[in-house]
Amino acid sequence: MSKYVTAAEAVKVVKSGDRVYLQAAAAAPTILANALTERASELRNVEICHLHTEGEARYANPELRDSFHVNSFFIGANVRHTLRAGNGSYTPVFLSELPHLFRKNVLPLDVAFIHVSPPDRHGYCSLGVSVEATVAAIENAKIVIAQVNPQMPRTFGDGILHVSEIDYLVEVDVPIYGHVPVPFTNEEEKIGSHIASLIDDRSTLQMGIGSIPNAALSKLKNHKDLGLHTEMFSDGVIDLIENDVINCNYKGTLRGRALATFLIGSKRLYDFVNDNPFIEMKESSMVNDTARIRKNPNMIAINSAIEVDLTGQVCADSIGPQMYSGVGGQMDFIRGASLSSGGKAIIALPSTTKKGLSRIVPFLKQGAGVVTTRAHIHYVITENGIADLYGKTLKQRAVELVRIAHPNHQESIEREYYELFNKM
């Protein structure tokens, strides 16, 4: 009997009360998810769990709350409304630990929806641009259903699986979700320059997606022998790899290979990583393991935040009590870089929001979550400069952070902080 079926046929295995895992990010198996959504009238209390996913999420429609409940491990824009609407939840978890929730049966899975390249002549598929916790999900789930897509890049590492590990195969031919790089703003350009000034030759880099990491990467063209050990990367690394700036020759973990757990970028990125043995895609329990991260000399961790208070507390997952994203891998890499020989942990953000509000604040908003604690913080960078908080007292930190806040807000931030500080 052939494993190849239609999407509608494949998703018939999902029953009311099941827990379903969706592969993350650019590899989101949307065709399978949409086919499942078509069965909404037949199903009740199906939990759909995942990290951030690209593309539409029809199952997250609040009108389908009796059929589907969304459990986000990292909240994307396509499901952010579910927390307020009551048809979604957020489970805080370090990206390094997410696979353990499945392997330890804390969150047993009934079905896993995945997205793979076609089987090669030996019967092996690739998870392509997103491995994260999907390997653990495949091992744990009772049934595995795969979108099989010739446009999915074949990548090396943990994401290679034999067709025998998949119960149903659904052929599709659709582009992989992507992000096209956009021009840097003047503020992002300045932040990128400040970040680059802290990076020495033979450093190993971790960064996320977006204009600030790409702005920093654009300033590294004259650097030598850089490494890459990061939970994700985008187009900004391609030119540096092709010009031997990033060659990974001095890494402590997986020397000679660039390491990531998922990718989001343009078609150029996906063509670049396809069948490229220099790129190793590993599970997040390995990539984000602090013990492995710290083995890289001069490890540079570049992360962002929603706001930073004058004591150095970093809120990166919520706006006040309203959940916005998630813990992700920030603390995995902040700690790993801090413990690395010569390592540097960096939080980089514009000094103000698009509405002109200061992101350097006297105190975090009521209900805001602390992702990176004041004891873990090292460098904070805005377009106005670099604040080095390591080993600084609370008062010294306040001086450093006020200095890199927007000039329009510096006086009021400082006054509000010291009025309360002097009462303590």
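Predicted model: local features only at pLDDT ≥ 70, side-chain atom pairs only at ≥ 80, totals over all residues.

**Notes on the fold and its cavity**

1. By class, the residues lining the largest cavity are six nonpolar, two polar and two charged. The lining consists of L22, A28, P29, T30, A33, T53, E54, E56, A57 and Y59. Its volume comes to about 40 Å³, and a search of the whole structure turns up one cavity of 30 Å³ or more.

2. Now a step back to the overall dimensions. The chain has 424 residues, and a compact globule of that length would have a radius of gyration near 22 Å; the value for this chain is 22 Å, so the two agree. Along the principal axes, the C-alpha atoms fill a box of roughly 70 × 50 × 40 Å. In secondary structure, the chain holds 14 helices and 25 strands.

3. Next, a six-stranded sheet to look for. This sheet is open, with mixed pairing, and its strands come in the order β12-β11-β17-β22-β24-β25. Its edges are β12 (227-228) and β25 (385-388); each has a single partner strand, so one side of each is left without a neighbour in the sheet.

4. Strand β22 (residues 344-348) and strand β24 (residues 379-382) run parallel and are joined by three bridges. Here I347 stands opposite V380 of β24.

5. Which strands does helix α6 touch? Helix α6 (residues 186-197) packs on the sheet and touches β17 (299-303), β22, β24 and β25. The direction of helix α6 makes about 150° with that of β24.

6. Helix α12 deserves a look as well. This helix, residues 330-339, lies across β11 (204-206), β17 and β22. Relative to β17, helix α12 runs at about 150°.

7. Finally, there is a three-stranded sheet. It is open too, with mixed pairing and the strand order β19-β18-β23. Strand β18 (residues 307-309) runs antiparallel to β19, and two bridges join them.

Terms used:
Residues numbered from 1 in each chain as written. Heavy atoms only, no water. 1 Å grid on protein atoms, 1.4 Å probe; cavity = no way out; pocket = protein on both sides within 12 Å on 5 of 7 lines; lining within 4 Å. Points joined across faces, edges and corners; volume = space filled by probe spheres on them. Nonpolar A, V, L, I, M, F, W, Y, C, P; charged D, E, K, R; others polar. Pairing = 2+ DSSP bridges. Helix = DSSP H or I, 4+ residues; strand = E, 2+ residues; numbered from the N terminus. Contact = heavy atoms within 4.5 Å. Axes fitted to C-alpha atoms, helices over the stretch in contact; angles between N-to-C directions. Rg over C-alpha atoms; globule rule 2.2 N^0.38 Å.
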